[in-house]
Amino acid sequence: AGLSPAKAPLPRPATAVGMLTAVVLANGNDGDNLYPLTEDMPLAALPVGNRPLLSYQLEMLQRAGSFGEVLVVTNDRHLSRLEAVVSEYRGPLRIELVVVEEGAGSADALRTLRGRGRLAGDFALISGDTISDVPFQKIAAMHQLHGASVTVLLKQQPPRPAADKKKARDLDGTDFVGIDESRQRLLYLESAADCDGGVITVSESMLRAHPHLEVHSDLADPHVYLFAHWVLEVLDHKPHFSSAKFELLPYLVRKQFLDQANLPLPQAEAQPQQATAMSSAAATAARLAGAVRCCCYVVPHDGHYCMRACSIAAYMQANLDICKGGAATFDKAAEPTEPLREGNFAASNIDQQSARGGSVELGPRSQVKKSAVGPHCRLGAGVRLTNCVLMEGVVVHDKVHMSNCILCRGAEVHEGATLKDVQVGSNVSVEAGANVKSEALTAEVDAEGSVVGSAEED
């Protein structure tokens, strides 16, 4: 699958002068949430609409037209797989894979890049599971306009029905986000997990400066940030910070209203090129004043597509959205030019809301709905697939029925099996006639050396 199939021509950067650098976190520390999908495949290489996840971040950056270099952070274990993914890219971005230690957090990765002299100016930091068609050039423009220390992308979640009240347990994974009335300044950020019973504390200094503060619990953080270069020095002063999301970002937000004497704030002479590159007098004034300023770009719930494929449910939804065209500016991988190899064309069907890779074989009387079928998959006769993801080389025998399932590379499901809400690991075999619901089937080798399925409850 190509890495950047787009419906409209993508801009090609005209010059490297003033170009931003992007850091894409493909080392997959959040991959445990996608087990067993990430057991032998890096998160950034997982297929969505038969395209690797990494391709969506590259397309977003390429569309912006203001990025010249992309540093893809990975580890030794995943390096060869990501080299294969990056080799398929045909766009104008310069992409380099950067190896960091296994288990390194996002802040650790930034320290490594800084130590190697790879970040010379303001830079973007993007999670390797983010899919978004938000115009990044607008985020960059806001960042420069306000002379921001950091600018954060936030996506408003759909409104809840009036009768559906949010309970305390529903706050898991939620952030309390405080913004000003213009919805451009990020004033408060606290994880609900760190709040006692969902109660937050706001400083008097913040309220005096921003009496119209709005606190939201419906703003999701897709892990897309634009940082000022000087923020890297904070990581030198805070060597215990491991995460940009959970440590560096909240620290900067709090520091807007606290003593900033010990911060390595930029001086006027320290960044002459950046100051002169900004057209806004307010941006220059903010830098010269040495103030920490955190901004946010808020996308309404019915606005641009923006999500993280960071869980099994989210990964399934991302595939469904891309395959059916729900993410309007993204295409699934181009359909192969070769004809579908099938036993009975009239009785077989792959609907328009599905994606098909190359060299796929489909038996007679089979139906594939709202599913992504990867390259070199073989489906027998009478197969029924609904809302499924089949990665490369999957074999599905006759009369198998599956819904809401993910089958990793080389998995095999034998005749007559029925699977619902199941994830099947790489090279795992599901025995004939099996009836499996809500389980993860992972690789296990029996006494004869054959790979069989071992069930783990979700």
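Which side chains meet in a salt bridge with an N to O distance of 3.6 Å? Select R409 and D40, whose side chains form that pair, a salt bridge being a side-chain nitrogen of Lys or Arg within 4 Å of a carboxyl oxygen of Asp or Glu. Before going further, note that this is a predicted model, in which local features need pLDDT of at least 70, side-chain atom pairs count only at pLDDT 80 or more, and totals for chains, interfaces and linings use all residues. Residues are numbered from 1 along each chain as its sequence is written, and side-chain values use heavy atoms, with hydrogens and water left out.

R409 sits in the loop between β27 (406-407) and β28 (412-413), and D40 in the loop between β1 (20-25) and β2 (47-48), so that the pair links parts of the chain 369 residues apart; helices (H or I, at least four residues) and strands (E, at least two) are DSSP runs, numbered from the N terminus. R409 is partly exposed at 27% relative accessible area, where buried means under 20%, exposed over 50% and partly exposed in between (1.4 Å probe, protein chains only). D40 is also partly exposed, at 31%.

Next, select R183 and E214, a salt bridge whose closest N and O atoms are 3.7 Å apart. Because R183 lies in the loop between β9 (175-179) and β10 (186-191) while E214 belongs to strand β11 (residues 214-216), the pair ties together parts that are 31 residues apart in sequence.

Move on to D221 and K245, whose side chains meet in a salt bridge at 2.9 Å, N to O. D221 is in the loop between β12 and β13, K245 in helix α7 (residues 244-255), and the pair therefore ties together parts 24 residues apart in sequence. Both D221 and K245 are buried.

Now select H223, placed in the loop between β12 (219-220) and β13 (224-227) and buried at 14% relative accessible area. The H223 side chain makes a polar contact with the side chain of R308 at 3.3 Å.

The C-alpha atoms of F67 and F123 are separated by 9.2 Å, the two residues being 56 apart along the chain.

Technical notes:
A polar contact is a pair of N or O atoms within 3.5 Å; within protein, one must be able to donate a hydrogen and the other to accept it, and residues adjacent in sequence count only if both atoms are side-chain atoms.
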